[in-house]
Amino acid sequence: MLSSLPNLLTLSRILAIPMIIALLFLNSDNYRWAAFALYVIASITDFFDGYAARAMGKISKLGIFLDPIADKLLVASIIIMVVAIGQISGIHVIACVIIVLREITVSGLREFLAEIRVSVPVSGLAKWKTAIQMIALGFLILGDAPIEYFDAAYIGKILIWIAALLTMITGFDYLRAGIKHMTDDDE
């Protein structure tokens, strides 16, 4: 049981997604806070599943497969929902589209590179991108829920644009590294 803790944490992140989405659909302040709390817990498991796997020496093929999928499902689902409920609209949707396009592109690239047994490590900037993106989505989940000293929706919109900028930079870096391996066969 303990040896599968990292995989259980990853699976819990995936299972939290429908609950977060349902709470956002209900679209009231109390449900937003509940969605935010569940999102924070799910986001924390992203750190702890990898940490637990390394600490226990239990890095599994299932975990290597599920972890990035869980991350992308969580991010894409929250982005779709904040757009669907109108928390993000207008020009700010572009930042969200940039993030989703990069996630799909990098996933495809990683799948292709895995087939030819090439690994592209996660860069430090990509880790910062992920952190800022997760924080931005947390603020956007809260949206217009009353918070005494700051405007969560405004902060979320600023951070989603910063995440989108970092997304473009890191996406380009991954693509540049991957294209070298794609064009080697063509020459």
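These notebook entries record what I looked up in one predicted model.

**Entry 1. Ground rules**

I worked on a predicted model, in which local features need pLDDT of at least 70, side-chain atom pairs count only at pLDDT 80 or more, and totals for chains, interfaces and linings use all residues. Residues are numbered from 1 along each chain as its sequence is written, and side-chain values use heavy atoms, with hydrogens and water left out.

I took helices as DSSP runs of H or I with at least four residues, numbered from the N terminus.

**Entry 2. Helix H4 by itself**

I began with H4, which covers residues 92-115. H4 has 24 residues and reaches 36 Å from its first C-alpha to its last, close to the 34 Å expected at 1.5 Å a residue. The expected span is 1.5 Å times one less than the number of residues.

I then asked which residues of H4 are buried. They are Ala95, Cys96, Ile98, Ile99, Arg102, Glu103, Val106, Leu109 and Leu113. Buried means under 20% relative accessible area, exposed over 50%, and partly exposed in between, with a 1.4 Å probe and protein chains only. I noted that the buried residues of H4 pack against H3 (61-84), H5 and H6 (152-183).

Just after H4, I found Arg117 with a positive phi of about 60 degrees. Most residues other than glycine have a negative phi.

**Entry 3. H4 against H5**

I looked next at H5, residues 124-142, whose axis comes within 13 Å of the axis of H4 and crosses it at roughly 135 degrees. Axes are lines fitted to C-alpha atoms, for helices over the stretch in contact, and angles run from 0 to 180 degrees between N-to-C directions. H4 and H5 are therefore oblique to each other. For this wording, angles under 35 degrees count as roughly parallel, over 145 as roughly antiparallel, 65 to 115 as roughly perpendicular and the rest as oblique.

H4 passes H5 in a left-handed crossing; that is, the near helix is turned anticlockwise from the far one by less than a right angle. From H4, Ile99, Arg102 and Glu103 meet Ala126, Lys129 and Gln133 of H5, where contact means heavy atoms within 4.5 Å. By class, this contact has two nonpolar, one polar and three charged residues. Ala, Val, Leu, Ile, Met, Phe, Trp, Tyr, Cys and Pro count as nonpolar, Asp, Glu, Lys and Arg as charged, and the others, Gly among them, as polar.

Leu74, Val75, Ile78, Ile79 and Val82 in H3 meet Gln133, Met134, Leu137, Leu140 and Ile141 in H5. The contact of H3 with H5 has nine nonpolar, one polar and no charged residues.

How are H5 and H6 placed relative to each other? Their packing angle is about 155 degrees, with the axes 8 Å apart, and the two helices are therefore roughly antiparallel. Their crossing is left-handed. The residues of this contact divide into 20 nonpolar, four polar and two charged.

**Entry 4. Two residues of H6**

I turned to Thr167, which lies in H6 and is buried, with a relative accessible area of 0%. Leaving aside neighbours within four places in sequence, Thr167 is in contact with Ile98, Ile99, Arg102, Lys129 and Gln133.

Not counting residues up to four places away in sequence, Gly156 touches Ala136, Phe139 and Leu140. Its C-alpha is separated by 7.7 Å from that of Gly143, 13 residues apart along the chain.

I placed Leu23 in H1 and recorded it as buried, with a relative accessible area of 18%. Leu23 touches Tyr31, Ala34, Ala35 and Leu38, not counting residues up to four places away in sequence. The C-alpha atoms of Leu23 and Ile141 are separated by 10.0 Å, although the two are 118 residues apart along the chain.

Asn27 is in the loop between H1 (5-26) and H2. I noted its phi near 50 degrees, a positive value in a residue other than glycine. At 38% relative accessibility, Asn27 counts as partly exposed.

Met56 counts as partly exposed at 29% relative accessibility. Met56 and Leu5 are 51 residues apart in sequence and 9.4 Å apart in space, C-alpha to C-alpha.
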